[in-house]
Amino acid sequence: MHSKTDSCRASGILLHITSLPGPYGIGTLGREAHAFLDFLYAAKQSYWQVLPVGPTGYGNSPYQSYSTFAGNPLLIDPECLVTDGLLSDADLSAFRAAFSGAAECFSLQKPARFRLLRQAFHRFNAQDAAFRAFCDTHAAWLDDYAFFMAIKDAEADRPWQEWPTALRLHEPAALETFAVAHADDVAFYRFLQYLFAKQWQALKEAAHAKGIRIIGDLPIYVAEDSADTWSHPSLFALNSDRRAAYVGGCPPDAFTTDGQRWGNPCYQWENHIRSGFSWWIHRLGRQFALFDAIRLDHFRGLESYWRIPANAETAREGAWAKAPGCDLFAAVRASLGDVPILAEDLGFLTPEVLAMREALGLPGMKVLQFAFTPDEDSLYLPHHITENSVIYTGTHDNDTVLGWLAKAPCAERDFAVRYMHLTEDEGYAWGCIRTAMTSVARLAVHPMQDVLELGAEARMNTPGTPEGNWTWRMRSGAATAALAERLAEWVRMTGRAADAGEGTVPMS
């Protein structure tokens, strides 16, 4: 499971697809995504890291998806559908007028975007050979997902635990009856995945042509209201009514007195072990078909996890429980090979978790914003980190560098300024980027907000807050040639320039 190669060094940018600019309310896989590849290439970046790309449910969080296998239909680019002859210029103009440059707005996007996609579906030949081949190849997850979404539509978006009994229990006869009555609806959701796959593959091939690899992000858990829990209930800690019995989270710590209660059902690990981890192998296989490497969220939860009774109001009532750890990774390795995984190993780490990561040879995450504790002895300080690491100025769950420094306690801020030799002339954000680039970590990744020197207004997510997240978008024209050259200069100076097209990067 090793993800390191010799002494190669590289650099990358963290920017989610939805944060790309453009006229359609949220970023898509189309023209602006390909333009961003041009920026990354000019900036000599080897990696583009994104957040999970699954279809988002309640709260629009990419970490709460209706399927761990499917792609988000909202990322499908309408202009590409005009090129494909599935939409007209008039269709596109009417859709664009609904947003007229407005900031990202999921509540408006979903109904309008799906109306547009329905128009494309009605003009599509469902007997298309490539479409039929796609449906056959991905039937193991695609059929359940398409049924799940079509039934949700028919049931006014109610959670699957509230569906009529036969459908709730995934009974084949009930699904056959539903398929007859709602054939077009089920086919529509298969069609959306075909479009997503087609556009995603085009973007991935364009990235590879420029020597850029895409890092995906895999949440450790799936959503309670998902095709995954509906179609495989025995793999999750559910009650007899098929609602979560135990949910995941984190125990109380110095930052959260009640801990974190995420609401995702825990795994029924005994059944995963009994099956030889077949669902996990299938899940990770799908991820590596989409991405060149993945960040595995909450890695420590695969050694032991905080299990909270679902009826508990906070995470205080949880307790630690063991997960299969290295046995899971051994099964994945036997089936998929030495796949490139980045371990999100932030938070409360025990010797057992650290030993598992070391045994697997996985690079861990080092976040500069966590380094400058008053005791001046944090493991995230650059002089403590090792080569087999990925260093970040911040993540999607952090404030921007400038937002962090504006709010940090005086002692923390002063230590950061002294340690990193931050100056106003260079810019504090770029001083942090310089520190990350000059570190020994093989890969340095920077949120695009920090590259653009943006403040707290550009924060992507504040954990534990239900509103106002996932909405930041990059301004059109912000990724300039001058900015690319500034990044490229640091790439050259710090030996992080991989040879374009050869894939000679630390996690390839």
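**The nonpolar core and its surroundings**

Author: In this predicted model, the largest nonpolar core comprises 157 residues, and the members that touch the most others are Phe36, Trp48, Phe191, Trp280 and Met448. The greatest contribution to this core comes from helix H9, spanning residues 183–209, which supplies 13 residues. Another core lies apart from it; this one has six residues, including Ala244, Ile308, Ala312 and Ala315. As a general background, nonpolar side chains in soluble globular proteins tend to be buried together.

The axes of H9 and helix H12 (residues 278–290) come within 10 Å and cross at roughly 55°. On the H9 side the contact is made by Phe196, Trp200 and Lys204, and on the H12 side by Phe288, Ala289 and Leu290. Of the residues in this contact, five are nonpolar, one is charged and none is polar.

The sheet may be taken next. Four strands form an open sheet with antiparallel pairing, in the order E5-E4-E7-E8. Strand E5 (260–265) and strand E8 (319–322) each have a single partner strand and stand at the edges, so one side of each is left without a neighbour in the sheet. On average, neighbouring strands of this sheet are turned by 50° against each other, direction ignored. Within the sheet, strand E4 (residues 246–250) and strand E7 (residues 304–309) run antiparallel and are joined by four bridges. Val247 has Ile308 of E7 as its bridge partner, and Ile308 is also among the members of the six-residue core.

Arg242 lies between helix H10 (227–231) and E4, and its phi is positive, about 65°, although it is not a glycine. Most residues other than glycine have a negative phi. Arg242 is partly exposed, with a relative accessible area of 22%. A positive phi, near 60°, is likewise found at His170, which lies in the loop between helix H7 (165–168) and helix H8 (172–181). His170 has a relative accessible area of 21% and is therefore partly exposed.

Gly477 is found between helix H18 (448–451) and helix H19 (481–493). With 54% relative accessibility, Gly477 counts as exposed. The C-alpha atoms of Gly477 and His208 are separated by 24 Å, the two residues being 269 residues apart along the chain.

How values were computed
Residues numbered from 1 in each chain as written. Predicted model: local features only at pLDDT ≥ 70, side-chain atom pairs only at ≥ 80, totals over all residues. Heavy atoms only, no water. Core = buried A, V, L, I, M, F, W, Y, C linked by side-chain atoms within 4.5 Å. Buried < 20%, exposed > 50% of the residue type's maximum accessible area, 1.4 Å probe, protein only. Helix = DSSP H or I, 4+ residues; strand = E, 2+ residues; numbered from the N terminus. Pairing = 2+ DSSP bridges. Axes fitted to C-alpha atoms, helices over the stretch in contact; angles between N-to-C directions. Contact = heavy atoms within 4.5 Å. Nonpolar A, V, L, I, M, F, W, Y, C, P; charged D, E, K, R; others polar.
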